[in-house]
Amino acid sequence: MSKKEKQFVEDITPMEVDFPQWYTDVITKTDLVDYSPVRGFMVIKPYGYAIWENIQKYMDKRFKDTGHKNCYFPLLIPESLLKKEAEHVEGFAPEVAWVTHGGKEELQERLCVRPTSETIICSMYAKWLKSYRELPYLYNQWCSVVRWEKATRPFLRTSEFLWQEGHTLHETYDEAQAETLQMLNIYKETAEELMAIPVVTGRKSDKEKFAGAYATYTMEALMHDGKALQAGTSHNLGQHFTKAFEITFLGRNGEIQNPYHTSWGVSTRLIGGIIMVHGDNRGLVLPPRLAPIQVIMIPIAQHKEGVLDKAYELKKILGDDIRVEIDDNDNYSPGWKFNEYEMKGVPIRIEVGPKDIEKNQVMISRRDTLEKQAVPMEGLRDTVLALLNDIHNNMLERARNHRDENTYSISSFEDFKQKMEEKPGFAKGMWCGSRECEDNIKAETSATIRCIPFEQEDLGDKCHFCGKEAKHMVYVAKAY
């Protein structure tokens with residue numbers, strides 16, 4: 001590391017030295033979050049919330065394009081509703097926060113702060129649904145949930161987080177299954193097309209699936225440190241909840257039936273993924289389509305005549321569809337501003353000063369490669385649009401290369417354990433499908449089966465973890 005770079009990054013711990021501390025430094029130094037007075041709860045500051053808003057905007061459009069509508073359900077859920085589906089309440093009970101008093105008066109029934117909304121939503125669906133003609137129900141809500149976590153880290157695992165949760169009802173199992181996979185594909189598209197994060201998609205093992213689900217499907221991403229992150233899940237809930245909550249409709253055959261049910265969600269955990277997939281020792285590196293500021297313009301010698309006028313003229317030329325800001329604060333030097341916006345991960349920096357104006361050019365720096373070049377002012381909008389697209393593609397390719405370089409096949413359980421210690425990442429191996437084997441993997445290595453991928457590979461006939469007959473190829477990794 002050069003002397004100049006050391007000076008720049010003195011406030012950020014190198015990820016090679018202490019990855020958790022690097023992550024903490026990045027989220028605090030770049031003003032994404034702050035810690036609240038309540039342990040495990042985070043304050044999302046404007047820059048961090050702007051990233052969430054861009055995720056929300058992109059996904060909300062995709063949901064509406066596929067026929068979904070937004071609504072909102074209460075924050076508090078009666079205990080009796082939570083207990084209606086036994087497997088579900090058992091899965092969430094350790095994390096539930098309870099409200100026991102309203103003012104000074106003790107409540108007759110405890111209310112839980114929603115850890116997820118299946119129960120409250122199902123109680124309303126039971127009230128509303130009457131006939132097959134009303135199906136499907138394609139509803140989604142944007143909200144927060146509370147899960148009282150023991151160990152927390154901002155964005156990755158907090159006691160309260162923001163998310164969306166879709167809850168749909170369908171006439172047939174096949175329709176519910178198609179919905180479940182459609183939403184997983186939208187999540188994958190969001191990860192790759194908006195966030196430049198490559199993901200592996202597949203089905204969760206029965207142990208790892210959502211409490212009460214028939215099947216859970218997931219997208220898994222690989223972080224810089226070789227750990228996996230569950231970035232989004234979609235659940236086919238079958239008729240588990242619709243039977244427990246007595247949701248029925250009059251079918252086409254004139255008989256009373258239970259509909260089939262799905263739920264799906266992604267959360268602010270995605271922001272943690274963006275940081276740990278793309279960030280470097282200088283701070284954030286934000287994908288252009290997601291970044292709150294796509295272009296930061298720094299006037300050089302801005303006190304000189306014509307410099308600020310030219311900066312604002314160029315901003316207008318770039319157009320309203322490119323998110324451009326001009327930093328004309330004269331309390332800080334250009335060098336300080338360069339460092340500040342590099343740390344914040346702004347994809348493109350444009351410098352314009354008296355000499356640039358004379359030459360009818362600007363200096364452009366890109367955050368992903370730190371390359372800098374002079375480009376003509378003429379055609380600047382087209383240049384910037386092409387560069388934003390190139391940066392996205394480069395970031396996606398770089399993340400995919402990192403994932404592929406840290407994905408490996410194993411030959412035995414001993415081989416797996418050795419590789420997990422030497423080079424964490426995605427391990428591909430054959431698995432027998434038994435819970436006992438899966439429990440042993442976690443007990444001995446702290447790694448878990450991340451998914452049974454849709455794209456299966458034949459890596460042998462025997463389970464690499466116990467030697468029994470193999471049923472599936474799986475991805476295994478340590479995870480957040």
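Q: How many disulfides does a search of the whole structure find?
A: A disulfide is a covalent bond between the sulfur atoms of two cysteines. Here the search counts a pair of cysteine sulfur atoms within 2.5 Å, and over the whole structure it finds 0 disulfides. Bear in mind that this is a predicted model, where local features need pLDDT of at least 70, side-chain atom pairs count only at pLDDT 80 or more, and totals for chains, interfaces and linings use all residues. Side-chain values use heavy atoms, with hydrogens and water left out, and residues are numbered from 1 along each chain as its sequence is written.

Q: What can I read from the overall dimensions of the protein?
A: The radius of gyration is taken over C-alpha atoms, and the globule rule is 2.2 Å times the number of residues to the power 0.38. With 480 residues, a compact globule would come out near 23 Å; the protein has 25 Å, which agrees. Along the principal axes, the C-alpha atoms fill a box of roughly 80 × 55 × 50 Å. Of the 480 residues, 54% count as buried.

Q: How many helices and strands does the protein have?
A: Both are DSSP runs, numbered from the N terminus: helices are H or I with at least four residues, strands are E with at least two. The protein has 15 helices and 23 strands.

Q: Where is the cis peptide bond?
A: Check omega, which is about 0° for the bond joining L135 and P136. P136 sits in the loop between α6 (118-128) and β7 (137-146).

Q: What lies across from P136, 32 residues apart along the chain?
A: That would be T168, with 6.9 Å between the two C-alpha atoms. T168 belongs to strand β8 (residues 160-170) and is buried, at 0% relative accessible area.

Q: Which residues are in contact with T168?
A: Contact means heavy atoms within 4.5 Å. Leaving aside neighbours within four places in sequence, the partners of T168 include H68, Y137, E179, Y260 and W264. For the protein as a whole, take contacts between residues at least 6 apart in sequence: 69% of these join residues at least 24 apart.

Q: Which residues other than glycine have a positive phi?
A: A196 is one of them, with phi near 55°, and N360 is another, with phi of about 55°. A196 is in the loop between α7 (173-194) and β9 (200-203), whereas N360 is in the loop between α12 (354-359) and β18 (361-366).

Q: Where is S333 found?
A: S333 is in the loop between β16 (324-326) and α11 (334-343). At 41% relative accessibility, S333 counts as partly exposed. Its C-alpha atom is separated by 9.9 Å from that of I298, 35 residues apart along the chain.

Notes
Buried means under 20% relative accessible area, exposed over 50%, partly exposed in between (1.4 Å probe, protein chains only).
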